[in-house]
Amino acid sequence: MKMNYWTVENNVDINESCPQIVEASQFIKNNEVVAFPTETVYGLGANAKSDEAVDKIFAAKGRPSDNPLIVHISNKDQLNELVSGIPDAAQTLMNKFWPGPLTIIFNKREGVLSEKVTAGLDSVGIRMPDHPVALALIEAADLPVAAPSANVSGRPSPTAANHVTQDLDGKISGIIDGGETGVGVESTVVDCTSEIPVILRPGGVTREQLEEAAGPVEVDPSLAKGEGAPKSPGMKYTHYAPDAPMILAEGTKEWVQSLIDEKRNAGLKAGVLTTEENKNFYQADKILACGFRSDLNSVAHSLYDVLRSFNESDVDIIFSETFPTDGVGMAVMNRLQKAAGHNLIKES
Ligand code: TXA
Ligand code: MG
């Protein structure tokens with residue numbers, strides 16, 4: 001498939017009348033799929049009301065059909081058509097965080113969206129992204145837009161247009177290149193169908209921010225699974241994984257270096273995922289700094305690009321430093337845990 005490539009200049013006002021946006025939106029209206037930037041990661045968008053269109057998302061990504069998609073809107077007024085009610089907590093969170101990196105799970109209104117979007121569930125995840133290109137595209141398409149991250153299933157999510165091309169070139173109708181995304185990890189997914197909201201996926205909006213706005217919020221217990229525990233045999237997590245196996249190493253940099261040395265002495269090539277503060281300390285076959293330890297937002301911003309970059313080296317194993325789990329650190333550690341298949345070791 002010939003892929004259209006639209007670029008959007010950062011310094012130009014974007015709205016639903018821009019020619020690139022109008023062209024791209026025609027593909028969405030025609031039930032084709034188009035990748036576009038959001039403030040978190042690039043999304044792979046299609047008409048959320050059409051089975052045919054949504055099928056194309058699952059096919060391009062190679063995504064299992066039992067994993068539901070997030071529906072993106074450009075205006076809070078679109079919500080009523082899609083959900084069967086708006087709980088108080090959801091209303092509070094929408095007022096505070098939309099547009100922004102927060103996906104809210106609602107009870108869905110029957111018969112509006114393609115069943116394939118929600119993978120047959122009674123609920124639907126909805127978010128209003130905070131990115132001028134995403135908002136203009138949804139506005140121009142005049143449809144709710146289903147959009148998972150625009151990566152091949154299992155690979156790190158794309159935070160730049162070239163990441164999308166790496167994964168999906170020739171498999172989709174086009175991509176709008178709006179430069180690097182800001183947040184760098186996906187939206188927080190919060191389930192508001194229960195009395196107390198539950199975080200199903202940590203992301204760009206932190207637990208602390210949610211609680212300040214809406215009172216107590218729970219965290220899905222399965223998120224903690226594997227944290228600190230040894231790798232459970234047979235459990236294979238492949239999300240966000242670089243090609244080489246990755247081990248999270250919680251301890252001093254001297255100890256992390258000793259782990260690297262051990263592998264190199266055994267004839268293997270070892271990489272290390274570190275930070276700007278620590279990168280000059282290490283000796284390894286590939287040293288990649290993922291932002292500044294002193295600023296977890298910068299770590300989130302660079303994380304997926306760094307995970308992808310390890311694939312351009314020929315390392316056999318990657319050691320990663322760990323991060324505190326407060327603020328956006330919870331999302332960073334969640335993604336690192338998945339990338340490492342929950343393989344975390346601690347200095348004794
Ligand atoms: O930042 C983001 O959220 C990006 C951008 C493109 O908006 N999108 C994204 O979509 O990350 P995706 O499909 O890669 O992740 C959607 C997540 C999955 O973990 C899925 O299981 C969950 O949201 N989800 C969607 N609908 C759900 C539902 N009804 N109930 C529970 N979880 C749901
Ligand atoms: Mg994804």
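Lys-253 lies over the face of Phe-281, 5.4 Å from the ring centre. A charge counts as over a ring if NZ of Lys or CZ of Arg is within 6 Å of the ring centre and within 35 degrees of the ring normal. This is a predicted model, in which local features need pLDDT of at least 70 and side-chain atom pairs count only at pLDDT 80 or more, while totals for chains, interfaces and linings use all residues. Side-chain values use heavy atoms, with hydrogens and water left out, and residues are numbered from 1 along each chain as its sequence is written.

The count of aromatic pairs is three. Rings of Phe, Tyr and Trp (its six-membered ring) pair if their centres lie within 6.5 Å, and are stacked with planes under 30 degrees apart, edge-to-face over 60 and tilted for the rest. Tyr-240 and Tyr-304 form a stacked pair, at 5.3 Å centre to centre with 15° between the planes. Tyr-240 is in the loop between strands E11 (218-219) and E12 (246-250) and Tyr-304 is in helix H9 (residues 296-309), so the pair ties together parts 64 residues apart in sequence. Helices (H or I, at least four residues) and strands (E, at least two) are DSSP runs, numbered from the N terminus. Tyr-240 is buried at 6% relative accessible area, and Tyr-304 is buried at 0%; buried means under 20%, exposed over 50% and partly exposed in between (1.4 Å probe, protein chains only).

Technical notes:
Chains are lettered from A and ligands numbered from 1 in the order in which they are written.
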